[in-house]
Amino acid sequence: MEKWIGKKWLGAAACVLSITIMVGYAGAASNVAALGGAEAERVMKEEIMVKKEAKEKRMREKREIQEMKKAGWNITFLDNFEGELLDPTKWDHAPEWQRKDGYWSDEEAFLDGKGNLIIQVSERDGKYYSGAVTTSGIFEQAYGYYEMRAKIPKVEGFWTAFWLMTDGAHTVGNEGKDGTEIDIVETPFAYMDNDTVVHAMHWDGYEADHKSAAAYPVVPGIYEGFHTFALEWNKDEYIYYIDGNETWRSSAGGVSEVPAFVQITAEVGKWGGNIGNAVLPAQMVVDYVRVYESKENKQ
Ligand SMILES: [Ca+2]
Ligand SMILES: [Ca+2]
């Protein structure tokens, strides 16, 4: 009996062993298949997540524009930089010419196909090239609310700028009322790790009569990730915002009364440090630009 039991147990044990081995093989085989399946599933889930996030982003953007409308601001210019090519009904490349220590080049301003405008700085044959886009001759507005969402690189030797410009900024006399260069944000100190940006106005030309006013707000983490940079330009003053928080207000030079065009540029020059220390190419990534007009403060 004991022997039989022993045999039986032995047999049962062998059977369990063989089942284990079979299960083991089957398990290994299904693990290989599962690995492929899991990878495919991971990729699929990731794609669904990316699409979901993109949809949520679009809805959030629409909601933000709706909220501005409720507050009395109608959108007059919007570019989310979707698609493959810069929209010629909204932007032009700024003229290719020497700017300080670099050259503006069409090649350095382009869409990344992921919903962003790239403003790049590159070195080619010892020369420095940077991107610049403008709405000059396409879109101009006096007063309003101007906003850009962008990620600024921490690279030495150049600065990015989101600014409003008009030919009137060159006209001497009548303060800045007949035209002011309004620098919503400039970033010459990005490489210094001091979290400082520049807001500025320039008027009465760029020679002996040149006048300007500027502020240098410190915003912790401003050179990490995306941020919004905005200006409210009304008949009384200019109000600057970063991430929705007021960073400066001023009516220096008298407030400009003439339409201006929008520019997003990178400038190579010593104000931004030594370009020789830069790791290039470097990119500013712009998610969107929005311009609104106030019902109460139309031009
Ligand atoms: Ca003037
Ligand atoms: Ca975008």
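An open sheet of seven strands runs through this predicted model, in the order β2-β8-β17-β10-β11-β12-β13, with antiparallel pairing. Its edge strands are β2 (92-93) and β13 (211-215), each of which pairs on one side only. Strands of a sheet pair through backbone hydrogen bonds, either parallel or antiparallel.

Start with strand β11, residues 180-186. On one side, four bridges link it to strand β10 (residues 158-165), and the two run antiparallel. In that pairing Leu-164 stands opposite Ile-182. On the other partner, strand β12 (residues 198-203), β11 makes five bridges, again antiparallel. Glu-186 stands opposite Val-198 in β12.

How many of the seven residues of β11 are buried? Seven of the seven are, so the strand is largely enclosed by the rest of the structure.

Now follow the chain out of β11. The loop between β11 and β12 holds Pro-188. Is Pro-188 buried or exposed? It has 21 other C-beta atoms within 10 Å, and the cut-off for burial is 20 or more, so Pro-188 counts as buried. Leaving aside residues up to four places away in sequence, Pro-188 touches Trp-159, Val-198, Trp-271 and Gly-272. Val-198 is the residue that stands opposite Glu-186. Lys-154 is 34 residues from Pro-188 in sequence, with a C-alpha to C-alpha separation of 9.5 Å.

Asp-193 sits in that loop too, between β11 and β12. Its surroundings are another matter. Asp-193 has 9 other C-beta atoms within 10 Å; a residue with 12 or fewer is exposed, so Asp-193 is exposed. Its phi is near 65°, a positive value in a residue other than glycine. Most residues other than glycine have a negative phi, and most peptide bonds are trans.

Asp-243 is another case of positive phi, with a value near 50°. It is found in the loop between β15 (238-242) and β16 (245-250). With 14 other C-beta atoms within 10 Å, Asp-243 is partly exposed.

Asp-125 lies in the turn of the hairpin formed by β6 and β7, and has a positive phi of about 50°. Two residues separate the strands of that hairpin. Four bridges join β6 (residues 117-124) to β7, and these strands run antiparallel.

Which way does β7 run against strand β4? Here the pairing is parallel: two bridges join β4 (residues 102-104) to β7 (residues 127-130).

The backbone has one more feature to check. The peptide bond from Leu-280 to Pro-281 is cis, with omega near 0°. Pro-281 lies in the loop between β17 (261-268) and β18 (282-294).

The largest nonpolar core has 63 residues. Those with the most contacts inside it are Tyr-146, Phe-162, Leu-164, Ile-182, Ile-184, Leu-231 and Val-286. The largest share of this core, eight residues, comes from β18. Leu-231 touches Tyr-146, Ile-182, Ile-184, Tyr-238 and Tyr-240, not counting residues up to four places away in sequence.

Finally, step back to the whole chain. It has one helix and 18 strands. Buried residues make up 34% of its 299 residues. Of the contacts between residues at least 6 apart in sequence, 71% join residues at least 24 apart.

How far does the prediction carry? The chain averages a pLDDT of 90, and 87% of the residues score at least 70. Over residues 1-30, pLDDT stays under 50, and the model has zero contacts beyond four places in sequence for them. Where pLDDT is low, the predicted coordinates should not be read in detail.

Note on methods:
Residues numbered from 1 in each chain as written. Chains lettered and ligands numbered in written order. Predicted model: local features only at pLDDT ≥ 70, side-chain atom pairs only at ≥ 80, totals over all residues. Pairing = 2+ DSSP bridges. pLDDT = per-residue confidence, 0-100. Contact = placed C-beta atoms within 7 Å. Core = buried A, V, L, I, M, F, W, Y, C linked by C-beta atoms within 7 Å.
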